[in-house]
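Please look through the sequence and the structure shown here before reading on. The report after them takes up a few parts in turn.

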Amino acid sequence: MRQLIGHLGSGEIEVVDVPRPRPGRGELLVANEYSVVSAGTERMLVSFGAASLVGKARREPDRVRKVFDKAMTDGVGPTVQAVQARLELPMPLGYSASGVVLELGPGVTDFAVGDRVATNGPHAEIVIVNSRLTAKVPPHVDSREAAFTTVAAVAMNALREAGTEVGGVVAIIGLGLIGQIAARVAEASGCRVVGLDPVAARADSIPEGFTDAEIFAARIMARTDDAGADAVLITSDGATRETTVLAAAMARIRGTVVLVGAGDPTLDRRSFYERELRFVVSHAYGAGRDEVDWESGKVEYPRHRVRWTAQRNFEAVLDLMARGRLSFSDLDSLETTLDEAPHAYQALVDGDAPIATMFHYESRIDGGDHVVLRDVREGAFGAAVAVIGAGTFATRVLVPALIENNARLRLIASRGGLSSVLAGRKFGFEATTTNLERIWEDRAAQIVFVTTPHETHVDIAIAALEAGKHVWLEKPMAIDRAGLARLAHAAEEAHGLLMVGFNRRFAPTIVELCEDTHGRGPFSMVYTVNAGPLPRDHWLNDPLRGGGRIVGEACHFVDVLRRVANSSIVASSAHQLGDSATLNFEFADGSIGTVHYFTSGHSSISKERFEVFGAGRVWQVDNFRTLRTAGAGFDPVRTLKRLSRPPVQDKGHTAAVGAFLRAVRTGGASPIPFEQSLEVSRAIFDALDS
């Protein structure tokens, strides 16, 4: 099936072939019939992509500051690579569509195959959508009209934030698509609307639309006996200080100004203060949007607590359509196909597009879950690699490490399909799929790298082992003890290798440290991690999805302690403060080790610092860039030479991948004994249980 994407680096619009996606829990697979271009949002994205690097920086000053902070801690090279990788990452376009349900994901009970639905799906022939961001289309509502539901819900949510009432007067500044729809929704709700837009065709599209601000202001005052509008919606592209000054002047005392469109306006305090105005920034299409707990189905918002969720706004829009109170059939619009998308977006950027642009999709359904990207060729050795998961870590770190080790890139898989296609094209994979059975059945793909979300690690790794594959499993091994026990049993029964991606023990600084410390224990070890905060609803903080930050991340650092001590862990304990923790470990040889995992620090300081004390000596590793040594028997010139090298950060990913591939090729043992990885994972659970 085909999907539309925009390139952030160049502004190019492209239609790509993508394997049929697979819906997850709480999701639907939908064949689109129509999708509507959100002119303001999508024009902004395309224009941003076409801008120069300096132009991009001017538009995103906050991100520029973060780039500088990263360069100070990680170095210029890794920072430049991260920025380039982000700009090379295309984005799916579109978020308002209608179609027919093809398949239900686990846990979906409110929909059935064959239902006509309105969704926030992108411009694509087949899409995965969240069932909570989907609504059934009433029988008498045309699918073309229903495709406007999501953008209409954006306008409806803004009007709700404005507190509009029947008989009220609403002023709208900016009569693009959202402004036009807001006008129609407001009128359907019993409000009078006065609009302003510099483009005559847009202004003429509503009964009281004007191109001149003075006439606009005069009409509002005439409609309200000089009191001013009850609410002013700013739906123009790129709102400025002048826009908010005008909005404030048009609002009645104690009225509301709502920012709906893009922009970073500066408010004129005096005008808002004197009239006691409320200023509201409307978020998306209703309560629950971008809230992980609600979208995932973990929580529900009862009507008596939260009357209008995003889904209820969808339903309200469709109800207005069904009752003939809301229609977009007479809107100045262009109906086209994905093949003509580049021309449609160019017209959008040039200002030549109609108010609404929409894509129509053929009724045919492409069910292929496999896309061939290039002709098959042999690599450095016969055992080809399949990568499951095409997220940021896989594409920025693991796949480049595979290429550095001359691996044959056979298959890359993702559930949604698009990310694996983009990664597959970029790195030269032979094919991409959304169906893991194709990997299990592929005889050439003898090696599987699992880089999927944490909660899926155990099931996918077990399936790969049972299929006779050698498995590299990204950390953590499991997010609970039950999963760890299942994985341990599967590893015992399997013929292939299972190695956990504990790459830090392969970092050059750690390898050299281990050479120096060999046979000199016991040691006192301190590993300090300046992890930084995450949003409260980040998936890693969810015990059922990411396992929490300690289980999901701290295992890396415990593995380094285990490697340096070269002795088994015999005791574990922990103390926590929020999502920060201090983990303590005792080893059989008498060594002790502490991991300080702190989330309340500052990003200008190194993220990781490792210190080892013993035998009258000290070893310090700073962010995998430098190794400093001091004490009896050390040549200070050696440390000076180390510190004078170009400080390139190397966390050992390439070396770890290379060691694993060599073990597979030669039939050797796993570079990290599975028992050690199992021991580290159990020690984490023991520490948290304490």
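This is a predicted model: local features need pLDDT of at least 70, side-chain atom pairs count only at pLDDT 80 or more; totals for chains, interfaces and linings use all residues.

## A sheet of seven strands

Seven strands make up an open sheet with mixed pairing, and their order is β17-β20-β19-β18-β21-β22-β23. At its edges stand β17 (370-372) and β23 (498-500), each of which has a single partner strand, so one side of each is left without a neighbour in the sheet.

Helix α15 (residues 392-404) lies across β18, β19, β21 (445-450) and β22 (470-473), and it runs at about 170° to β19.

## Strand β24 and its partners

Strand β24 (residues 524-530) is joined to strand β27 (residues 592-598) by seven bridges, and these two strands run parallel. Asn530 has Phe598 in β27 as its bridge partner. With strand β28 (residues 608-614), by contrast, β24 runs antiparallel, and six bridges join the two; here the bridge partner of Tyr527 is Phe610 in β28.

In soluble globular proteins, nonpolar side chains tend to be buried together. The largest nonpolar core in this model has 98 residues, and those with the most contacts inside it are Leu402, Phe449, Met525, Tyr527, Leu583, Phe585 and Phe610. Helix α21 (residues 549-565) gives the most to this core, contributing 10 residues.

Which residues does Leu583 touch, not counting those up to four places away in sequence? They are Ile550, Ala554, Ser573, Ala574, Gly593, Thr594, Val595, Ile684 and Ala687.

## Helix α13

Helix α13 (residues 310-322) has 13 residues, and the distance from its first C-alpha to its last is 19 Å, which is close to the 18 Å expected at 1.5 Å a residue. This helix is mostly covered, as 10 of its 13 residues are buried; among them are Phe314, Val317, Leu318, Leu320 and Met321, together with Gln311, Arg312 and Asn313.

The buried residues of α13 pack against several elements, namely β6 (116-119), β8 (134-136), α5 (143-146), α6 (149-162), α7 (177-188) and α12 (292-295). Just after the helix, Gly324 takes a positive phi of about 75°.

His518 and Ala565 are 47 residues apart in sequence, while their C-alpha atoms are 8.7 Å apart in space.

Another open sheet has three strands in the order β2-β1-β4, with antiparallel pairing. Its edge strands are β2 (13-17) and β4 (91-92), each of which pairs on one side only. Strand β1 (residues 2-6) and β4 are paired in the antiparallel sense over two bridges, and Gly6 stands opposite Met91 in β4.

How values were computed: Residues are numbered from 1 along each chain as its sequence is written. Side-chain values use heavy atoms; hydrogens and water are left out. Two strands pair if DSSP finds at least two bridges between them. Helices (H or I, at least four residues) and strands (E, at least two) are DSSP runs, numbered from the N terminus. Contact means heavy atoms within 4.5 Å. Axes are lines fitted to C-alpha atoms, for helices over the stretch in contact, and angles run from 0 to 180 degrees between N-to-C directions. A nonpolar core is a set of buried Ala, Val, Leu, Ile, Met, Phe, Trp, Tyr and Cys residues joined through side-chain atoms within 4.5 Å. Buried means under 20% relative accessible area, exposed over 50%, partly exposed in between (1.4 Å probe, protein chains only). The expected span of a helix is 1.5 Å times one less than its number of residues.
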